[in-house]
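Dear colleague,

Please find below the structure that I am handing over to you.

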Amino acid sequence: MFAINFYTSLYEDMLSRGRKTATIRLGDKREKYRAGELCWITVGQRFGRRRKLFTAIIDAVVVKPVSELTPREIDRENPEMRTHEELVKFLGMIYDRPVTLEDTITIVHFSPVTE
């Protein structure tokens with residue numbers, strides 16, 4: 001079992017309420033995430049204590065440039081974000097480096113599993 005962790009507690013409410021159903025990660029992560037796998041969705045600091053929110057199944061893994069993201073994919077990442085520019089700025093803060101519309105990203109779609 002592995003975890004998809006979210007560093008910022010800002011996502012905790014969105015995840016718990018089912019408003020966030022995907023994560024966008026910089027780079028091609030097809031080797032790391034595979035459709036059909038179970039994982040834990042967790043919140044917490046890197047190298048620190050994390051808390052499991054729920055178990056999820058990975059529904060789909062899509063790799064494409066940032067410029068090809070659909071409004072629905074951006075909404076699933078963060079319902080409060082609307083544009084590619086907002087997403088690029090946000091990813092740049094998370095990854096601590098400039099991100100452009102040409103950068104490759106991986107969208108991991110997931111759904112909660114009732115245990």
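Contact here means heavy atoms within 4.5 Å. V108 has its place in strand β5, and its relative accessible area of 0% makes it buried. The terms are used as follows: buried is under 20% relative accessible area, exposed is over 50%, and partly exposed is in between, with a 1.4 Å probe and protein chains only. V108 and M81 are 27 residues apart in sequence, and their C-alpha atoms are 17 Å apart in space.

Please note that this is a predicted model, in which local features need pLDDT of at least 70 and side-chain atom pairs count only at pLDDT 80 or more, while totals for chains, interfaces and linings use all residues. Residues are numbered from 1 along each chain as its sequence is written, and side-chain values use heavy atoms, with hydrogens and water left out.

Overall architecture

The protein chain has three helices and five strands, arranged along the sequence in the pattern β-α-β-β-β-α-α-β. The radius of gyration of the protein chain is 13 Å, close to the 13 Å that the globule rule gives for 115 residues, so the chain is as compact as a globular protein of that length. That radius is taken over C-alpha atoms, and the rule is 2.2 Å times the number of residues to the power 0.38. Helices (H or I, at least four residues) and strands (E, at least two) are DSSP runs, numbered from the N terminus. The C-alpha trace spans about 40 × 25 × 25 Å along its principal axes.

Of the 115 residues in the protein chain, 39% are buried. Among contacts with a separation of 6 or more, 71% are between residues 24 or more positions apart.

The nonpolar core

Which residues touch the most other members of the largest nonpolar core? They are L15, I41, L69, L87 and I105, in a core of 28 residues. Such a core is a set of buried Ala, Val, Leu, Ile, Met, Phe, Trp, Tyr and Cys residues joined through side-chain atoms within 4.5 Å. At least two residues of this core come from each of β1 (2-6), α1 (10-16), β2 (22-26), β3 (38-44), β4 (50-65), α3 (84-95) and β5 (104-112). L69 is in contact with I24, K64, I74, H84, L87, I105 and I107, once its neighbours within four places in sequence are set aside.

Residues in loops

G27 is found in the loop between β2 and β3 and counts as partly exposed, at 22% relative accessibility. Beyond residues up to four places away in sequence, G27 touches T104, I105 and T106. The C-alpha atoms of G27 and T106 are separated by 6.2 Å, although the two are 79 residues apart along the chain.

F47, in the loop between β3 and β4, is not a glycine, yet has a positive phi of about 60 degrees. F47 is exposed, at 76% relative accessibility. D96, in the loop between α3 and β5, is likewise a residue other than glycine with a positive phi, near 55 degrees. The relative accessible area of D96 is 71%, and D96 is exposed.
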